[in-house]
Amino acid sequence: MEIDRKLFTERKWAFILIGMVTFFIPMFYFWADNINMHDKCMAGLTCFVIFIALCTIDLFLKNKGEKIYLSILFALSVVPNMIVWGYLYISQLCMKRDMFWVIYNTNTSESIEYFGDFISWGVISVTIIYIACGAYCIWKADSKQSLPLRKYLFLFIFVAATILTSIVLQYTVQAIPTFDFYKSGVLYWRENQIFQQEKELRKNLKMEVECTLPEADRVFVVILGESTSVRHMSLYGYHRETTPSMDSVRNELDVYTDVVTPETHTFGAMQKILTFADHKHPEYFKQKPSIVEVFDAAGFETYWISNQPSIDKWGGSYGIIAQESEHLYDLSPFKKDDEIVLPYLEKVLNDTIRGNKMIFIHLWGNHHAYDCRYPDEYEYFDHKKTHDLPGLGFRDEDMKTTIDSYDNSIRYGDFVYSSILKQIKATGKPAYLLFFSDHGEEVYDTRDAVGHHMANVYPCQAQIPFVLWRSDKYKEEMPGLVINTSRPYTTENVIFSISTLSGLKYKEYKPEKSIFSTEYTIPEKRIVRTENYEDILKKVK
C-alpha cells in the first residue's frame, strides 16, 4: 500500500506539467466570446478526461523514460497553447480549425509582421513563464517506481484508446489546442496534396469558353487589394482625405457601395474569389477551373503580378492558381512597397504579344503591420497635430496612432491604384480596371479591436471597396452592361462579374450572379464566413 501511495506522490511534478498542458487554455475560457457555456463545460470535461489518461500513461514510466515522455508532451504544447492563448488575449476569441489553416497558409514574412504588430509584453511574459514552469516541472520529475505493463496491460490499452479516440473525434479534439493544432496541420497538408493531384487531372479537362468581343488588343486588369476598409476611404465618405487621386477622377469611376466579402481572411476569400467555389459548394475550389483557366481557355494572354508572398513551395492554395498564369511575376522576394508592380505592369502593357490581355495584380495593400505598407514620405496623418480622430469612449493614443498608420497606407494605396490607372489609360486601348479588396479591416472603428478576426465578424471586416473604371473605347464595345452601384453583392460570385466584363460565355456561366448583368438577382443571403451579413449589421447600433 505504501508503494502505491508513493507511486502517486512522487509524480506531483509530472501531474502539474500534464495539468498545464491540458488545462492552460480552458482556464481562460471566460475571455472567449465565441464559445457558449455548454461548450465551455464540455471542453472542460474533455480536458479532465485527457488529463487523467495522460497521467495514467505516466504511471507506466519512470526515470529517464518519464522525462522523455513529459518533454515531448510539453514541447508539443508550447506553440499551440501560446498561439491560442495569444489570440484569445488579443481578440477575446478562441481559435478553431479553420483559423489554424490560415496560420499554415501564412508566409513567413507575414507571420513576422503579425507577431510584431500584435504580440504584447503580456503575451511574451506569459510565454516565458509557461516555458520556465514547464522546464522546472520536467527537471523536478524523477519517479522511481512505475506500474508493471504486463500486469496492467488492459488499463494501458484503455487509456491509450481514450487518447486516440479524442484525437479522431473533432468535437473533443477542439478542446485540446495541442491535438487540434497538429491534426489541423495534417489535414491541411492532405488537402493541399489532393488539390495538387486534382489540378493535374484538371489539365486534361477541355473547357469551352467563348469571347463575344471581336479579336483585338484589349487590356483587362483586376487589382486584388488586401485588408482595405471602405470606412477609411474618402472615396466612400471618410472624413480624412485618404484617396485624393481617386477622388479627383470620381466622375470616371463606378463606385459600388454595398459589396461584401465571403470571408474575413485572405486564404478563404481568395479560394472563392478566384474560382467557382461559394459557401454552398466550397469543393468547387478543387473540382472546377479557376478564373485564370477560364481566361486561358478563352484565348487571353494571362498575367499575374504579385507583391504578396503567396506563391511559395506550398502553393499557398490560391498561389497555385497564380501559377496557372502564362506570365508570372512574383515580386515578393524584393520586399518592396506596392509601387514595385508599376514597372512590371508597364513591361506587360508594352510587350509585343498581340491579343487580349487579362492581368491580375495582387498587392500587399493595407495588411498589418500598417506602418510597413508605405514609404516614409507617405507619413501624412498625425492625429496629435490635427485632432481629427474622436475618442469614441475607448480609443487611446496608441489606437489613434495605429489609425494614422492605417490611413497612411490607404493614401499610399490610392497613389498605387491611380498610377496603374494612368498606365492603362496611356495605352489608348479598349480597357477596364476593376479594383476590390479580399476582405475589409477593423481599425478601432466601433470597438476595441483591430485586424480581420475570423469569429464575431463586424461590418467593417465584411464591407469592401469595389471600384470599376472603363475606357471610352471599351464602353462603345460593351454598351449592354448594367451599372447600378447600389446593387447588393458578394465577391464569392465575382468570377461571373469579371466574365461579364470580359464578354465571356461558357457552360458554368451564371448571369444572375453577375453584378453587371441584366439578369442579376440579389442573393437571398450574403454569407460572410458562417454568418448572414444582415445579422452582422445588427451588431453595430
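The secondary structure of the chain comprises 22 helices and 15 strands, assigned as DSSP runs (H or I of at least four residues for helices, E of at least two for strands) and numbered from the N terminus. The model is a predicted one, in which local features need pLDDT of at least 70 and side-chain atom pairs count only at pLDDT 80 or more, whereas totals for chains, interfaces and linings use all residues. Residues are numbered from 1 along each chain as its sequence is written, and side-chain values use heavy atoms, with hydrogens and water left out.

Of the 541 residues in the chain, 57% are buried (under 20% relative accessible area with a 1.4 Å probe, protein chains only). Among contacts (heavy atoms within 4.5 Å) with a separation of 6 or more, 78% link residues 24 or more positions apart.

By a grid analysis, in which a cavity is a set of points on a 1 Å grid over the protein atoms alone where a 1.4 Å probe fits but cannot get out, three cavities of 30 Å³ or more are counted. The largest cavity has a volume of about 110 Å³, taken as the space filled by probe spheres set on the points, which are joined across faces, edges and corners. Its lining, defined by an atom within 4 Å of a point, includes Ile223, Met246, Tyr417, Phe435 and Trp469, and α18 (397-427), β8 (431-437) and β11 (466-470) each supply at least two of the lining residues.

His383 lies in helix α17 (residues 383-386) and is buried, with a relative accessible area of 5%. Beyond residues up to four places away in sequence, His383 touches Arg240, Asp388, Leu389, Glu397, Lys400, Thr401 and Asp404.

Key
Buried < 20%, exposed > 50% of the residue type's maximum accessible area, 1.4 Å probe, protein only. 1 Å grid on protein atoms, 1.4 Å probe; cavity = no way out; pocket = protein on both sides within 12 Å on 5 of 7 lines; lining within 4 Å.
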